[in-house]
Structures are given as C-alpha cells and as structure tokens.
Amino acid sequence: MNDEQIKFLLGACRSGDRDATDPAVAEALAAVERDPRLRAWFEREQAFGGAVREKLREVAPPAALREAILAGARLGGRTPWWRRATTLALAASVALLLTLAPVAWRLARPSAADTLPEFALNFAGRGFIGLQEHNPDVEKLKAWLAMRQAPLPAKIPWELAQLRGLGCRTVDFQGKNISIICFERDREYHLFVARREDFPGLPAAAEPRFASRREWGSAVWSDAHNHYVLVSDAGLPAVKRLL
C-alpha cells in the first residue's frame, strides 16, 4: 500500500477505533505510525474532522423548519416558493457551508501574517507540494523557472545539489512570486527561493539559521539577491548536513 492509497483510505476515517477493525484500515493506520510524514498528515486530517464535528454540533436548525417542510409536502404546488421544502433545505445547507468555510480556510491556508519560514513549513507540511514541472535535472528546473520570471538561486549548496531533483513550481506568497525546487534522498527536501527586494523585512544573513518543528527541520539564509528557506521532514540534523 503506497502513500496515496493510504491517504485515500484514511481520508474519511473517523476518530476513535471503530474503523480500525477493517483490515485495510488497520494496515493503513500501522503505516501511519511508522512514517512521521504520514502521521503529521493524518493528525491534520483528524484535527479538521474534529473542528467540523464541533461546528456541526453548534448548528441548530430553525425551530419551525420541520413543521414548515412537512406543511410544504402536504400543500404541494400551492406552497409559496420561499416556503417549499426544497428551498428551506437548500437554505439550511448554505448556512451550514457558510459556518464551516472559515474552519476549512484556517486549516488549509497559512496565515497572511506568516513569515517566509513559517509559510514554507506550513506549505510543505500540508503534504502536497503540487509540482508544476518534473525533472531530475536541476539546471532544467532553473530554466523552467526563469521562463516564468521566478526567483532563481544563484548557487545551490553543493550537498543539496547532489540529491536527486524531483521538480519545481512557483507559488504566490503575500502577493509575490516565489520558487520551490524539490529534491529527494530517502526524504524530500524543499528549497523556497524569494527575492530580497520583495521581502525587505526578512533578516538577511549568509550563515544559515536553523529551527525545528516536531519532525520538520528548516534553515534560512540569504545571498546578495535572494532569501532561501530549506525545509524537510527528514529532521533538523539531516537539514544541517546539507548546508
């Protein structure tokens, strides 16, 4: 069972252990326990599901909704459109969606107030980078980014450049175009590149500044033109070895 199959199977998994009696679900849950990256993904899924359940408990239908729906069913076509059962049910669904939308937005999107390192950790931590160009040749990835006028690394650290290239993409952060180049060796490493002129408030330092968040490690540094953030769920020691 690969990662995509595990995510598909557990995407609708309920909290608690009722689903774990299914052999396929039990196998997927065991894989999650062995893999820190899958575990982080599953914890986010469960947190979102819990937030949705709490919001659903807060939603109270109008007191007269049941009676209005039954009355509409009895009166048939003579009921005004705004009191018909289908209209009232649709209105209740829209109200529910409006209640849940802010929850989904907060859990799925990084805050607009995030710094670049926080954005990089949140973006990679969601578990799906969504590469727009796949190629193991980093120079070809840089050429693809150059065609899109995206920020380009002047020089990739030698140890990082020895990893296998996966691909790249561009993404908007605070209204600015930044680049992501992804590498792999046992685990994935994501290099975020942003122009210094676009983010003058971010401190610039040639020596990497390291940090960790749970299983994730990160490093932030700058050159004359760009800010860089390298993040990986391989952990902080693995990130340090590459820089």
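Q: Why does Gln-174 count as partly exposed?
A: The model is predicted, with local features needing pLDDT of at least 70 and side-chain atom pairs counting only at pLDDT 80 or more, while totals for chains, interfaces and linings use all residues. Residues are numbered from 1 along each chain as its sequence is written, and side-chain values use heavy atoms, with hydrogens and water left out. Buried means under 20% relative accessible area, exposed means over 50%, and partly exposed lies in between (1.4 Å probe, protein chains only). Gln-174 has 43% relative accessibility, so the residue counts as partly exposed.

Q: Why is Gln-149 called exposed?
A: The relative accessible area of Gln-149 is 65%, so the residue is exposed. Gln-149 also has a positive phi, of about 55°, although it is not a glycine. Its place is in the loop between α7 (138-147) and α8 (158-161).

Q: What makes Glu-139 and Lys-142 a salt bridge?
A: A salt bridge requires a side-chain nitrogen of Lys or Arg within 4 Å of a carboxyl oxygen of Asp or Glu. The side chains of Glu-139 and Lys-142 meet at 3.9 Å, N to O, and the structure holds three salt bridges. Because the two residues are three apart in helix α7, Glu-139 and Lys-142 are separated by about one helical turn.

Q: What makes Arg-187 and Asp-233 a salt bridge?
A: The N to O value for the side chains of Arg-187 and Asp-233 is 3.8 Å, and the pair meets in a salt bridge. This pair links distant parts of the chain: Arg-187 lies in strand β4 and Asp-233 in the loop between β7 (226-232) and α9 (236-241), 46 residues apart. With a relative accessible area of 5%, Asp-233 is buried.

Q: How many aromatic pairs does the rule give?
A: Rings of Phe, Tyr and Trp (its six-membered ring) pair if their centres lie within 6.5 Å; planes under 30 degrees apart count as stacked, over 60 as edge-to-face and the rest as tilted. By this rule the count comes to six aromatic pairs.

Q: Why is the pair of Phe-123 and Phe-192 called edge-to-face?
A: The ring centres of Phe-123 and Phe-192 are 6.2 Å apart and the planes stand at 85°, so the pair is edge-to-face. Phe-123 lies in helix α6 (residues 116-125) and Phe-192 in strand β4 (residues 187-195), so the pair ties together parts that are 69 residues apart in sequence. Phe-123 counts as buried at 6% relative accessibility, and Phe-192 is buried with a relative accessible area of 1%.

Q: What makes the aromatic pair of Trp-221 and Tyr-228 stacked?
A: The centres of Trp-221 and Tyr-228 are 5.3 Å apart, with 20° between the planes, and the pair is stacked. Both Trp-221 and Tyr-228 are buried.

Q: How do you know that the charged end of Lys-240 sits over the ring of Phe-210?
A: A charge sits over a ring if NZ of Lys or CZ of Arg is within 6 Å of the ring centre and within 35 degrees of the ring normal. The charged end of Lys-240 is 5.4 Å from the centre of the Phe-210 ring and sits over that ring.

Technical notes: Helices (H or I, at least four residues) and strands (E, at least two) are DSSP runs, numbered from the N terminus.
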